[in-house]
Amino acid sequence: MPQRLRRLMVALIDRSICPITVATATLTEGVNLPFDMIFLPLLKRTIFNVATERQEEYPMSAAEFRNLSGRAGRPGAAKGMEGFTLIALPVAHSTTAPKQIATQQRQVRDRRQDYDDLLTRLRADAVGDGDTVSPLSVLLNAIKEQVMRLPGIIDNDDS
């Protein structure tokens with residue numbers, strides 16, 4: 001984000017002119033704006049796979065979730081010292097259309113499973129028995145996975 005735009009955004013948020021900010025995943029990538037609350041509609045990241053020309057979803061890592069939730073209530077940035085991270089977690093289907101009920105029931109189960117999986121990863125990291133890897137390692141592996149999907153690329157790495 002250009003510095004001038006960033007200063008304008010911070011001023012609008014600080015003065016409560018812009019009380020709600022909608023952001024993409026860039027919020028987890030170092031944009032340091034003053035927020036009291038983070039709301040997550042789901043616990044997955046969506047990327048566009050150039051090789052398959054389709055969108056793909058990946059679970060949010062425990063490190064990414066901690067990074068994102070830590071942006072709420074930062075001292076000197078937000079009004080309070082504590083922040084909130086809210087996760088939308090549906091408990092039942094909301095449709096009355098018979099053809100959509102099964103789809104929404106599956107979505108409710110999937111969202112709950114995503115939440116439970118994240119809690120498991122966060123707990124494992126907290127006690128030190130989780131497979132914690134550096135953000136750089138995660139990035140490099142993600143880049144490698146995308147490159148390996150391109151036509152004509154052969155993996156000669158045995159690791």
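How many helices and strands does the secondary structure of the chain come to? Four helices and four strands, where helices (H or I, at least four residues) and strands (E, at least two) are DSSP runs numbered from the N terminus. This is a predicted model, so local features need pLDDT of at least 70 and side-chain atom pairs count only at pLDDT 80 or more, while totals for chains, interfaces and linings use all residues. Residues are numbered from 1 along each chain as its sequence is written, and side-chain values use heavy atoms, with hydrogens and water left out.

**View 1. The whole chain, from end to end.** Read along the sequence, the pattern is α-β-β-β-α-β-α-α. Buried residues make up 19% of the 159 residues; buried means under 20% relative accessible area, exposed means over 50%, and partly exposed is in between (1.4 Å probe, protein chains only). Take the contacts (heavy atoms within 4.5 Å) between residues at least 6 apart in sequence: 53% of them join residues at least 24 apart.

**View 2. The largest nonpolar core.** A nonpolar core here is a set of buried Ala, Val, Leu, Ile, Met, Phe, Trp, Tyr and Cys residues joined through side-chain atoms within 4.5 Å. The largest one has 13 residues, and those touching the most other members are Ile38, Leu40, Leu43, Phe65, Leu68, Leu118 and Leu122. Helix H1 (3-14), strand S1 (37-40), helix H2 (62-69) and helix H3 (98-127) each supply at least two residues of this core. H2 gives the largest share, three residues. Zoom in on Leu118 and you'll find it touching Leu43, Met60, Ser61, Ala62 and Phe65, leaving aside residues up to four places away in sequence. As a bit of background, nonpolar side chains tend to be buried together in soluble globular proteins.

**View 3. The buried face of H2.** Ala62, Glu64, Phe65 and Leu68 are the buried residues of H2. Looking down the axis of H2, these buried residues fall within an arc of 160° (taken from the directions from the helix axis to the C-beta atoms), so they line one face of the helix. They pack against S1, strand S2 (44-49), strand S4 (84-87) and H3.

View 4. Thr46 sits in strand S2 and is partly exposed, with a relative accessible area of 43%. Leaving out residues up to four places away in sequence, Thr46 touches Gln55, Glu56 and Glu57. Thr46 and Glu56 are ten residues apart along the chain, with 5.5 Å between their C-alpha atoms. Glu53 is in the loop between S2 and strand S3 (54-59), and is exposed at 62% relative accessible area. Phi of Glu53 is near 55°, a positive value in a residue other than glycine.

**View 5. Ala92 and Val108.** Ala92 is in the loop between S4 and H3, partly exposed at 48% relative accessible area. The C-alpha atoms of Ala92 and Val108 are separated by 6.4 Å, with the two residues 16 apart along the chain.
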